[in-house]
Amino acid sequence: MIRKGMFLSNRYEILEKVGSGGMSDVYKAKCHKLNRFVAIKVLKSEFSEDKNFVTKFRAEAQNAAGLAHPNIVSVYDVGVDRGMYYIVMELIEGITLKQYIARKKRLSVKEAVSISIQVAQGIECAHNNNIIHRDIKPQNVIISRDGKVKVADFGIARATSVNTHTTNAMGSVHYISPEQASNGPVDEKSDIYSLGITMYEMLTGHVPFDGDSTVTIALQHIQKHVPRLSEELPNIPVSVEKIVLKCTQNVPDRRYLKISSLITDLKRALLNPDDDFVQLDEEKKTDTVILTDQDKIAIANGAGKVEQIVEKDDVEDKDDPFYEEPPTTLEKVFMFVGIGIVLVFLVVAVAMIPKIFSDGKEPDRDIDVETETLDPTLAQVPNLYELSEEDARTTLHSRQLGIKYDYAFDDNVEKGFVCAQSEEPNAIVEKNSTIFVTISNGAERIQIPEKIVGKDVEAATLELNNAGFEVEVAYSYSTSAIGTVLSHDPDGKVELARGTVITLNVSRGKEANVDGITLATVPSVATKSREKAESALKSAGFKIGPIKEVFSETHEAGTVIRMTAKPGAQLPTGSTVGMVVSLGSENPETETVENITDEQPTEDASSQTQTYSASYTFAIEDMIDATGEHLTSGAITIYVDGKKVPVDPAYARLESWPGDYAFTVTESYSGPATLQLYVDNAVVIDKQIELQ
């Protein structure tokens, strides 16, 4: 039973329930490992024992996990805890498209087309990865608060590498394609049909087909044409109406064959909605849909009564808005004569155009049109940026320019669109020149280097940084040596975007007070000479680890700045402790002011104020909170004997520390003092120092 406050896999804290579906419930949760909010889809308990549902649930995670696109809800993790199967996803603060339509009743043409473009781009990513969604509907489209549109729920998706047919788990009946409803082969064009129905609903506020049963609605998709939008919306732009008609053709091959072609037309409709540019392949009236005996039985059972089924071959459907009487022989003759006359008129009109323009006013010019003064052997290079591969070729060929492609990763330009060109826009080149065009492969995806586990944390961090990842470190008790990488998240089995944060789980040594382990206390050797420090560590029962030498303005040459283990920590006897030793100042002064001014009189000793000081180095690896987690950010404040003291601006926030913080305390008294460092008002370091 899922309840508020419980943890899944000791990582995800359930905060509240945010939704529910047929198979699963969705909760808002917090990932305490990466400190972010997520959505968790949990398979309902009644399905957890059903292998078929569990397999389908896992398939959803697998289908979506490989899809990385701004218009697809990201999947982060999948797991099982106490018999509860769950998927961890990106949390989108917003509402579904279905709720948005219900709220607005009907969307404007511009808004509907804009949303459709984003949905289509998400579907295109799935299709490019050989995944058919099979359940596109407004309920599976989420609109975030900032207006971003994302496709969710790949629960019944299928890979196109298989001869995909529908099963009992078919898509929602109001949006189902005819071939999906009739258990036929399903491909990319089925998702295009469902998107067309979704567009219809956005524009009208309702679905095109409804009924008393799912069978009745499904058969309407098979037998009927989706009504023309202009029947309900007289002012609908012709391009938008034809796009919806083309998406929702009963015969799959009369729809858009690829989602990329639909996206191109949607973008054009957004700019020029009244242009009639969509090519429809109208359905021939000899095409019929034959109902099987199983279909007839389903209709009878679904409606709860026996209905007489009439084949479309037997009676012509004259109420069909697409129905036309077959032409007679005489009508055919007149039709061909009329076509001939129109063609002659067009030829004459084209021939007269130069005469008309030379005798009259100048024709209207495009903004990007070449000027009359341009040498006829030259051409102006167009701006190809963010055009599709096909549009770039067409545009260049129209100017008698050649094209050659190469491909590269680009974080800012969508896959399949131009991200660079060899000649600047508006540059003048010779006709028949070849323009080199770079097509984006999308954001680069990289893999975590192999064999990170087992390496020292510093070496692992350097290797990950060089590969293009950011690194965060968390510490946990382990029998491995201190500083050894135990695991990392993500685990490296998937490709990730450059800049992804990799969390390293690093050993902090064996936990204190474990039975059978002899523990020893790490002595404080800071400011001692290297020889004395090594002697003290060996006497306490520790081995000497790596010695790192660095320049220091606050520590004398040969003295210890810090250790790899925290002073006072309880570690197993025989543990290795390394040290950082000072090389002294990098730029030592050869003379002091006192040496130069020996002969000048000094002030009376009674008029001088005696000061006492002590230095302490705050090591980055010592920034650990009360739970043992390594701190990487927060505001720094320092107190000496309860009095707040100034902090170097470079160290005012932990995330901006350029290195360990060597802090010098200066007071007017000598003896012991309490030095405390706080991160976000929580004490992290509490030390006794000696002012002298």
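## Strand β9 and its partners

Strand β7 (residues 94–96) pairs with β9 in the antiparallel sense over three bridges; strands are DSSP runs of E with at least two residues, numbered from the N terminus, and two strands pair if DSSP finds at least two bridges between them. In this pairing G94 stands opposite S144 of β9. The model is predicted: local features need pLDDT of at least 70, side-chain atom pairs count only at pLDDT 80 or more, and totals for chains, interfaces and linings use all residues. Residues are numbered from 1 along each chain as its sequence is written, and side-chain values use heavy atoms, with hydrogens and water left out.

β9 also joins strand β10 (residues 149–151) through three bridges, and the two run antiparallel. Here V141 stands opposite V151. The β9–β10 hairpin has four residues between its strands, and G147 takes a positive phi near 90 degrees there.

## Side chains of β9

In a regular strand the side chains alternate between the two faces of the sheet. In β9 (residues 141–144), V141 and I143 point one way, I142 and S144 the other, and all are buried, meaning under 20% relative accessible area (1.4 Å probe, protein chains only).

## Backbone exceptions

Most residues other than glycine have a negative phi, and most peptide bonds are trans. S9, in the loop between β1 (7–8) and β2 (12–20), has a positive phi near 55 degrees. N35, in the loop between β3 (24–31) and β4 (36–43), has a positive phi of about 55 degrees. N35 is exposed at 55% relative accessibility, the cut-off being over 50%.

D489 and P490 are joined by a cis peptide bond, with omega about 0 degrees. P490 lies in the loop between β19 (485–489) and β20 (496–497).
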